[in-house]
Amino acid sequence: MNNSNDPNHTKPDWIKSAVNELDDSVASMDPIDGSRLRTARQMAYREAESQRQEGWAAGLGNWLNWKSGLTLACTIAIVATMTLNLDQPLENVTATPLAKPKVGIEMIPLLTAKEDLEFYESINFLLWLENKQGKS
Amino acid sequence: MTDFETIPDTMDAFLAGMEKRAYRIAYISLNDRDEALDAVQDTMMRMFIKYSDKPNTDWRPLFYKILSNRITDSHRSHTLRKRLQFFIKRDKAGDGGSVDAIDLIPGRAGEQPQNQMQSDASMSVLDQSINALPFRQQQAFLLRHWEGLSTQETAIAMRCSTGSVKTHLSRAFNTLKTSLQPYYEHYE
(Lines give C-alpha, C1' and ligand atoms only; values in the text may rest on other atoms or scores of the structure.)
Protein backbone atom coordinates (compact mmCIF):
# COMPACT_ATOMS: atom_id res chain seq x y z
CA MET A 1 0.00 0.00 0.00
CA ASN A 2 1.25 3.44 -0.86
CA ASN A 3 1.34 6.00 1.85
CA SER A 4 0.99 9.27 -0.02
CA ASN A 5 1.47 11.32 3.16
CA ASP A 6 4.93 10.03 3.92
CA PRO A 7 7.57 10.84 1.31
CA ASN A 8 10.13 8.86 3.28
CA HIS A 9 8.06 5.80 2.68
CA THR A 10 9.04 3.95 -0.48
CA LYS A 11 7.65 6.05 -3.26
CA PRO A 12 5.78 4.51 -6.13
CA ASP A 13 7.71 4.40 -9.37
CA TRP A 14 5.62 7.02 -11.09
CA ILE A 15 6.41 9.55 -8.33
CA LYS A 16 10.11 8.74 -8.55
CA SER A 17 9.92 9.27 -12.30
CA ALA A 18 8.10 12.56 -11.82
CA VAL A 19 10.64 13.76 -9.27
CA ASN A 20 13.52 12.75 -11.55
CA GLU A 21 11.94 14.61 -14.43
CA LEU A 22 11.57 17.73 -12.31
CA ASP A 23 15.20 17.45 -11.19
CA ASP A 24 16.34 17.00 -14.76
CA SER A 25 14.34 20.00 -15.91
CA VAL A 26 16.13 22.14 -13.33
CA ALA A 27 19.53 20.72 -14.21
CA SER A 28 18.98 21.33 -17.90
CA MET A 29 17.31 24.68 -17.53
CA ASP A 30 17.64 27.12 -20.39
CA PRO A 31 20.82 29.17 -19.76
CA ILE A 32 18.86 32.32 -20.54
CA ASP A 33 16.43 31.52 -17.74
CA GLY A 34 19.36 30.79 -15.43
CA SER A 35 20.95 34.10 -16.33
CA ARG A 36 17.68 35.96 -15.79
CA LEU A 37 17.32 34.32 -12.38
CA ARG A 38 20.85 35.34 -11.40
CA THR A 39 20.15 38.89 -12.48
CA ALA A 40 16.84 38.82 -10.60
CA ARG A 41 18.66 37.71 -7.44
CA GLN A 42 21.23 40.47 -7.77
CA MET A 43 18.47 43.02 -8.37
CA ALA A 44 16.58 41.69 -5.36
CA TYR A 45 19.70 42.06 -3.23
CA ARG A 46 20.31 45.64 -4.40
CA GLU A 47 16.66 46.57 -3.97
CA ALA A 48 16.62 45.05 -0.50
CA GLU A 49 19.80 46.92 0.44
CA SER A 50 18.43 50.25 -0.77
CA GLN A 51 15.14 49.65 1.06
CA ARG A 52 17.02 48.72 4.19
CA GLN A 53 19.10 51.90 4.00
CA GLU A 54 16.01 54.01 3.33
CA GLY A 55 14.31 52.36 6.27
CA TRP A 56 17.33 52.99 8.46
CA ALA A 57 17.49 56.65 7.38
CA ALA A 58 13.75 57.11 7.91
CA GLY A 59 14.02 55.50 11.34
CA LEU A 60 16.90 57.77 12.25
CA GLY A 61 14.95 60.77 10.98
CA ASN A 62 11.93 59.86 13.09
CA TRP A 63 14.14 59.26 16.08
CA LEU A 64 15.82 62.63 15.59
CA ASN A 65 12.50 64.43 15.16
CA TRP A 66 11.17 62.94 18.34
CA LYS A 67 14.35 63.31 20.32
CA SER A 68 15.35 66.72 19.04
CA GLY A 69 12.33 68.41 20.65
CA LEU A 70 13.04 66.77 23.95
CA THR A 71 16.75 67.56 23.71
CA LEU A 72 16.06 71.22 22.92
CA ALA A 73 13.68 71.54 25.86
CA CYS A 74 16.21 69.94 28.20
CA THR A 75 19.00 72.18 26.93
CA ILE A 76 16.95 75.34 27.48
CA ALA A 77 16.03 74.21 30.98
CA ILE A 78 19.65 73.46 31.89
CA VAL A 79 20.97 76.73 30.45
CA ALA A 80 18.27 78.73 32.23
CA THR A 81 19.01 77.04 35.55
CA MET A 82 22.74 77.56 35.19
CA THR A 83 22.30 81.22 34.24
CA LEU A 84 20.11 81.97 37.25
CA ASN A 85 22.47 80.14 39.59
CA LEU A 86 25.54 81.93 38.21
CA ASP A 87 23.97 85.30 39.08
CA GLN A 88 24.10 84.45 42.75
CA PRO A 89 27.29 84.03 44.82
CA LEU A 90 27.78 80.46 45.88
CA GLU A 91 27.81 81.20 49.61
CA ASN A 92 24.47 82.97 49.33
CA VAL A 93 22.97 80.05 47.51
CA THR A 94 24.10 77.57 50.10
CA ALA A 95 23.68 79.65 53.27
CA THR A 96 20.80 82.04 52.76
CA PRO A 97 19.49 81.77 49.29
CA LEU A 98 16.83 84.45 49.74
CA ALA A 99 18.86 86.70 52.05
CA LYS A 100 19.86 89.47 49.71
CA PRO A 101 18.08 89.47 46.44
CA LYS A 102 19.52 91.97 44.07
CA VAL A 103 16.12 93.17 43.12
CA GLY A 104 13.76 93.78 46.01
CA ILE A 105 10.55 91.87 46.05
CA GLU A 106 8.65 95.12 46.56
CA MET A 107 10.05 96.43 43.31
CA ILE A 108 8.81 93.54 41.17
CA PRO A 109 5.23 94.73 40.80
CA LEU A 110 6.56 98.16 40.03
CA LEU A 111 8.92 96.89 37.35
CA THR A 112 6.49 94.48 35.78
CA ALA A 113 3.46 96.74 35.89
CA LYS A 114 2.10 98.19 32.76
CA GLU A 115 1.09 101.43 34.44
CA ASP A 116 3.21 104.48 34.07
CA LEU A 117 5.94 105.06 36.66
CA GLU A 118 4.53 108.53 37.35
CA PHE A 119 1.36 106.87 38.62
CA TYR A 120 3.29 105.15 41.39
CA GLU A 121 5.24 108.31 42.15
CA SER A 122 1.97 110.16 42.61
CA ILE A 123 0.72 107.42 44.94
CA ASN A 124 3.94 107.66 46.96
CA PHE A 125 3.46 111.42 47.15
CA LEU A 126 -0.11 111.01 48.35
CA LEU A 127 1.00 108.47 50.98
CA TRP A 128 3.74 110.84 52.16
CA LEU A 129 1.27 113.68 52.28
CA GLU A 130 -1.20 111.63 54.28
CA ASN A 131 1.51 110.61 56.75
CA LYS A 132 2.63 114.21 57.15
CA GLN A 133 -0.92 115.45 57.71
CA GLY A 134 -1.53 112.60 60.16
CA LYS A 135 1.57 113.59 62.18
CA SER A 136 0.66 117.20 62.14
CA MET B 1 14.74 14.09 -1.91
CA THR B 2 16.63 17.24 -2.70
CA ASP B 3 20.30 18.07 -2.28
CA PHE B 4 19.55 20.78 0.28
CA GLU B 5 20.54 18.79 3.32
CA THR B 6 23.16 21.39 4.23
CA ILE B 7 21.76 24.90 4.27
CA PRO B 8 24.21 27.67 3.28
CA ASP B 9 25.15 30.28 5.85
CA THR B 10 24.51 33.32 3.71
CA MET B 11 21.16 34.32 2.29
CA ASP B 12 22.68 34.93 -1.12
CA ALA B 13 24.11 31.41 -1.31
CA PHE B 14 20.85 29.97 -0.05
CA LEU B 15 18.84 31.79 -2.69
CA ALA B 16 21.32 30.87 -5.39
CA GLY B 17 20.58 27.24 -4.59
CA MET B 18 16.83 27.76 -4.48
CA GLU B 19 16.13 30.03 -7.41
CA LYS B 20 15.88 27.46 -10.19
CA ARG B 21 13.61 25.13 -8.27
CA ALA B 22 11.47 28.05 -7.13
CA TYR B 23 11.23 29.26 -10.70
CA ARG B 24 10.16 25.81 -11.80
CA ILE B 25 7.40 25.70 -9.19
CA ALA B 26 6.22 29.19 -10.09
CA TYR B 27 6.28 28.39 -13.78
CA ILE B 28 4.25 25.20 -13.36
CA SER B 29 1.63 27.14 -11.43
CA LEU B 30 1.57 30.38 -13.43
CA ASN B 31 2.42 29.00 -16.87
CA ASP B 32 4.17 32.25 -17.73
CA ARG B 33 7.91 32.79 -17.68
CA ASP B 34 7.86 36.50 -16.87
CA GLU B 35 5.33 36.15 -14.09
CA ALA B 36 7.25 33.22 -12.66
CA LEU B 37 10.45 35.25 -12.73
CA ASP B 38 8.74 38.21 -11.05
CA ALA B 39 7.36 35.92 -8.36
CA VAL B 40 10.78 34.47 -7.63
CA GLN B 41 12.46 37.88 -7.65
CA ASP B 42 9.89 39.32 -5.23
CA THR B 43 10.32 36.29 -3.00
CA MET B 44 14.09 36.70 -2.96
CA MET B 45 13.78 40.40 -2.19
CA ARG B 46 11.52 39.70 0.77
CA MET B 47 13.89 37.04 2.01
CA PHE B 48 16.80 39.49 1.85
CA ILE B 49 14.86 42.21 3.65
CA LYS B 50 12.95 40.29 6.28
CA TYR B 51 14.59 36.99 7.00
CA SER B 52 18.35 37.45 6.67
CA ASP B 53 18.58 37.61 10.44
CA LYS B 54 16.53 34.46 11.02
CA PRO B 55 18.25 31.11 11.62
CA ASN B 56 19.07 29.46 8.30
CA THR B 57 17.14 26.34 9.31
CA ASP B 58 13.94 28.41 9.00
CA TRP B 59 14.72 29.77 5.57
CA ARG B 60 13.27 27.01 3.39
CA PRO B 61 9.71 26.93 4.76
CA LEU B 62 9.71 30.74 4.91
CA PHE B 63 10.93 30.97 1.34
CA TYR B 64 8.15 28.71 0.09
CA LYS B 65 5.60 30.51 2.21
CA ILE B 66 6.47 33.81 0.55
CA LEU B 67 6.58 32.21 -2.88
CA SER B 68 3.18 30.60 -2.35
CA ASN B 69 1.70 33.92 -1.27
CA ARG B 70 3.22 35.63 -4.26
CA ILE B 71 1.84 33.01 -6.66
CA THR B 72 -1.57 33.32 -5.03
CA ASP B 73 -1.42 37.09 -5.55
CA SER B 74 -0.61 36.55 -9.22
CA HIS B 75 -3.57 34.21 -9.58
CA ARG B 76 -5.82 36.77 -7.91
CA SER B 77 -4.68 39.64 -10.11
CA HIS B 78 -5.08 37.38 -13.13
CA THR B 79 -8.67 36.60 -12.11
CA LEU B 80 -9.38 40.28 -11.56
CA ARG B 81 -7.92 41.15 -14.96
CA LYS B 82 -10.08 38.52 -16.60
CA ARG B 83 -13.19 39.92 -14.95
CA LEU B 84 -12.21 43.43 -15.96
CA GLN B 85 -11.71 42.34 -19.54
CA PHE B 86 -15.10 40.62 -19.48
CA PHE B 87 -16.82 43.85 -18.44
CA ILE B 88 -14.88 45.91 -20.96
CA LYS B 89 -15.83 43.53 -23.75
CA ARG B 90 -19.46 43.70 -22.66
CA ASP B 91 -19.35 47.50 -22.63
CA LYS B 92 -17.64 47.54 -25.99
CA ALA B 93 -20.42 45.41 -27.45
CA GLY B 94 -22.93 47.85 -26.05
CA ASP B 95 -21.05 50.82 -27.53
CA GLY B 96 -21.16 49.36 -31.00
CA GLY B 97 -17.63 48.03 -31.07
CA SER B 98 -15.41 51.03 -30.27
CA VAL B 99 -11.85 50.01 -29.40
CA ASP B 100 -10.65 50.76 -25.89
CA ALA B 101 -6.96 51.17 -25.14
CA ILE B 102 -7.12 48.62 -22.33
CA ASP B 103 -8.08 45.97 -24.88
CA LEU B 104 -4.65 46.34 -26.40
CA ILE B 105 -2.91 45.25 -23.19
CA PRO B 106 -1.86 41.63 -23.71
CA GLY B 107 -3.09 39.10 -21.17
CA ARG B 108 -1.28 36.05 -19.90
CA ALA B 109 0.04 33.66 -22.49
CA GLY B 110 -2.48 31.06 -21.47
CA GLU B 111 -5.44 33.30 -22.28
CA GLN B 112 -4.85 33.63 -26.00
CA PRO B 113 -5.54 30.57 -28.13
CA GLN B 114 -2.40 30.74 -30.25
CA ASN B 115 -0.23 31.24 -27.17
CA GLN B 116 -2.16 28.56 -25.33
CA MET B 117 -1.16 26.08 -28.01
CA GLN B 118 2.49 27.12 -27.84
CA SER B 119 2.41 27.02 -24.08
CA ASP B 120 0.86 23.59 -23.94
CA ALA B 121 3.35 22.30 -26.46
CA SER B 122 6.26 23.58 -24.42
CA MET B 123 4.86 22.16 -21.22
CA SER B 124 5.57 18.54 -20.48
CA VAL B 125 2.87 16.08 -19.57
CA LEU B 126 4.13 16.30 -16.02
CA ASP B 127 3.83 20.08 -15.97
CA GLN B 128 0.37 19.96 -17.45
CA SER B 129 -0.78 17.33 -14.97
CA ILE B 130 0.48 19.31 -11.99
CA ASN B 131 -0.80 22.58 -13.47
CA ALA B 132 -4.27 21.06 -13.76
CA LEU B 133 -4.37 20.45 -10.01
CA PRO B 134 -5.87 23.05 -7.66
CA PHE B 135 -3.10 25.33 -6.43
CA ARG B 136 -3.08 23.97 -2.89
CA GLN B 137 -2.68 20.43 -4.15
CA GLN B 138 0.14 21.56 -6.45
CA GLN B 139 1.90 23.11 -3.48
CA ALA B 140 1.43 20.06 -1.27
CA PHE B 141 2.71 17.69 -3.93
CA LEU B 142 5.73 19.74 -5.00
CA LEU B 143 6.82 20.77 -1.53
CA ARG B 144 6.47 17.31 -0.01
CA HIS B 145 7.50 15.02 -2.81
CA TRP B 146 9.91 17.16 -4.78
CA GLU B 147 11.34 19.60 -2.26
CA GLY B 148 11.25 17.04 0.53
CA LEU B 149 9.83 19.37 3.15
CA SER B 150 8.37 17.72 6.23
CA THR B 151 4.64 17.87 6.84
CA GLN B 152 5.24 20.53 9.46
CA GLU B 153 7.40 22.64 7.14
CA THR B 154 4.87 22.24 4.34
CA ALA B 155 2.13 23.40 6.70
CA ILE B 156 4.18 26.51 7.51
CA ALA B 157 4.79 27.18 3.83
CA MET B 158 1.12 26.69 2.96
CA ARG B 159 -0.13 28.46 6.09
CA CYS B 160 -2.46 25.64 7.04
CA SER B 161 -2.61 22.73 9.45
CA THR B 162 -0.68 19.51 8.97
CA GLY B 163 -4.02 17.75 8.56
CA SER B 164 -4.86 20.00 5.60
CA VAL B 165 -1.47 19.26 4.06
CA LYS B 166 -2.19 15.54 4.28
CA THR B 167 -5.62 16.01 2.72
CA HIS B 168 -4.27 18.10 -0.18
CA LEU B 169 -1.42 15.66 -0.70
CA SER B 170 -3.72 12.67 -0.74
CA ARG B 171 -6.00 14.27 -3.33
CA ALA B 172 -3.06 15.34 -5.46
CA PHE B 173 -1.64 11.84 -5.25
CA ASN B 174 -4.89 10.24 -6.41
CA THR B 175 -5.37 12.68 -9.29
CA LEU B 176 -1.78 12.49 -10.51
CA LYS B 177 -1.71 8.75 -10.23
CA THR B 178 -4.45 8.42 -12.83
CA SER B 179 -2.65 10.69 -15.28
CA LEU B 180 1.03 10.04 -14.63
CA GLN B 181 1.21 6.37 -13.76
CA PRO B 182 0.03 5.19 -17.21
CA TYR B 183 2.24 7.82 -18.85
CA TYR B 184 5.45 6.73 -17.13
CA GLU B 185 4.64 3.03 -17.46
CA HIS B 186 4.15 3.55 -21.18
CA TYR B 187 7.45 5.32 -21.66
CA GLU B 188 9.60 3.10 -19.43
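Modeller: A definition is needed at the outset: helix axes are lines fitted to C-alpha atoms over the stretch in contact, and the angles between N-to-C directions run from 0 to 180 degrees. Please bear in mind that this is a predicted model. Two packed helices are described by the angle between their axes and the distance between the axes.

The pair in question is helix H6 (residues 135-146) of chain B and H7(B), whose axes come within 10 Å and cross at roughly 140°. An angle over 145 degrees would count as roughly antiparallel, and 65 to 115 as roughly perpendicular; H6(B) and H7(B) are therefore oblique to each other. The crossing of these two helices, H6(B) and H7(B), is right-handed. On the H6(B) side, the residues that meet H7(B) are B:Arg136, B:Gln139, B:Ala140, B:Leu143 and B:Arg144. Their counterparts in H7(B) are B:Thr154, B:Ala157 and B:Met158. Sorted by class, this contact of H6(B) with H7(B) comprises four nonpolar, two polar and two charged residues.

Most residues other than glycine have a negative phi. B:Arg159, although not a glycine, has a positive phi of about 55°. This residue, B:Arg159, counts as exposed because it has 11 C-beta neighbours inside 10 Å, the limit for that class being 12 or fewer.

The setting of B:Asn31 is buried, since 21 other C-beta atoms lie within 10 Å and the threshold is 20 or more.

The contact between the chains draws 27 residues from chain A and 29 residues from chain B. Within chain A, helix H1 (13-27) and helix H2 (31-87) each supply at least two residues of the side that touches chain B. The largest share of that side, 13 residues, comes from H2(A). By class, the side of chain A that touches chain B holds 14 nonpolar, six polar and seven charged residues.

Methods
Residues are numbered from 1 along each chain as its sequence is written. Chains are lettered from A and ligands numbered from 1 in the order in which they are written. This is a predicted model: local features need pLDDT of at least 70, side-chain atom pairs count only at pLDDT 80 or more; totals for chains, interfaces and linings use all residues. Two residues are in contact if their C-beta atoms, placed from the backbone, lie within 7 Å. Helices (H or I, at least four residues) and strands (E, at least two) are DSSP runs, numbered from the N terminus. Ala, Val, Leu, Ile, Met, Phe, Trp, Tyr, Cys and Pro count as nonpolar, Asp, Glu, Lys and Arg as charged, and the others, Gly among them, as polar. Angles under 35 degrees count as roughly parallel, over 145 as roughly antiparallel, 65 to 115 as roughly perpendicular and the rest as oblique. A crossing is left-handed if the near helix is turned anticlockwise from the far one by less than a right angle, and right-handed if clockwise.
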